[in-house]
Amino acid sequence: MSGSEIIGGLNEALAFARGEGSARVKTLKVPEHVDVRALRQSLDLSQSEFAERFNFQLTAVQNWEQGRRFPNPSAVMLLKVIENAPDLVAKVADEVRETSGAEDGDPVLREA
């Protein structure tokens, strides 16, 4: 994306904020279900390893797998990204943990 495209987008946003013109809206369809157990098993991780590696609470992973709770749409999107790029997500999770001041093993993401 070029600088002129960014400036153009910002100008569109300002015009929309002033009530001029209309905004372009894109709808993102989030999958309703992710098989967390199958994803975790495909990565050959225990529940606690999966939770720690990707900064989830262990109880969240357990609840998702046992059907007591379901991941919210943001968590579903993260799980789909983990499905496609687990090493990248683990690297980012480590960076988030480091910059948040969390202790090793402390989840940064909390179950809602």
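Throughout this talk, a residue is called buried when its relative accessible area is under 20%, exposed when that area is over 50%, and partly exposed in between, computed with a 1.4 Å probe and protein chains only. Arg-18, at 55% relative accessibility, therefore counts as exposed.

What I am presenting is a predicted model, in which local features need pLDDT of at least 70 and side-chain atom pairs count only at pLDDT 80 or more, while totals for chains, interfaces and linings use all residues. Residues are numbered from 1 along each chain as its sequence is written, and side-chain values use heavy atoms, with hydrogens and water left out.

Let me begin with the overall architecture. The protein chain has 6 helices and 0 strands, where helices (H or I, at least four residues) and strands (E, at least two) are DSSP runs numbered from the N terminus. The order of elements from the N terminus is α-α-α-α-α-α. Of the 112 residues in the protein chain, 24% are buried. A contact here means heavy atoms within 4.5 Å. Among contacts between residues at least 6 apart in sequence, 58% join residues at least 24 apart.

I turn now to the interior. A nonpolar core is a set of buried Ala, Val, Leu, Ile, Met, Phe, Trp, Tyr and Cys residues joined through side-chain atoms within 4.5 Å. Which members of the largest core touch the most other members? They are Phe-50, Phe-54, Phe-56, Trp-64, Leu-79 and Ile-82, out of 17 residues. Helix 2, helix 3, helix 4, helix 5 and helix 6 each contribute at least two residues to this core, and helix 5 provides the largest share, with 4 residues. As general background, nonpolar side chains in soluble globular proteins tend to be buried together.

Four of these names return in the aromatic contacts: Phe-50, Phe-54, Phe-56 and Trp-64 form one aromatic cluster. Rings of Phe, Tyr and Trp (its six-membered ring) pair if their centres lie within 6.5 Å, and the planes count as stacked under 30 degrees apart, edge-to-face over 60 and tilted for the rest. The whole structure contains 3 aromatic pairs. In one of them, Phe-50 and Phe-54 have ring centres 5.1 Å apart and planes at 65 degrees, so the arrangement is edge-to-face. These two residues lie 4 apart in helix 3, and therefore about one helical turn separates them. Both Phe-50 and Phe-54 are buried. Phe-56 and Trp-64 also make an edge-to-face pair, with 5.2 Å from centre to centre and 80 degrees between the planes. Phe-56 is buried at 6% relative accessibility, and Trp-64 is buried at 12%.

Trp-64 brings us to helix 4 (residues 58-65), whose buried residues are Ala-60, Val-61, Asn-63, Trp-64 and Glu-65. What do they pack against? Their partners are helix 2 (36-42), helix 3 and helix 5 (73-84). Just after helix 4, Gly-67 adopts a positive phi of about 75 degrees. On the helix 3 side, Gln-47 lies in helix 3 (residues 47-54) and is buried at 19% relative accessibility. Leaving aside residues up to four places away in sequence, Gln-47 touches Arg-40, Leu-58, Val-61, Gln-62 and Glu-65.

Finally, the charged pairs and the surface. A salt bridge is a side-chain nitrogen of Lys or Arg within 4 Å of a carboxyl oxygen of Asp or Glu, and the count by this rule is 6. Asp-87 pairs with Arg-53, with the closest N and O atoms 2.7 Å apart. This bridge links distant parts of the chain, as Asp-87 is in helix 6 and Arg-53 in helix 3, 34 residues apart. Asp-87 is exposed at 56%, whereas Arg-53 is partly exposed at 26%. Within helix 6, Asp-94 and Arg-97 are 3 residues apart, and therefore separated by about one helical turn; their salt bridge has its closest N and O atoms at 2.9 Å. Asp-94 is partly exposed at 34%, while Arg-97 is buried at 8%.
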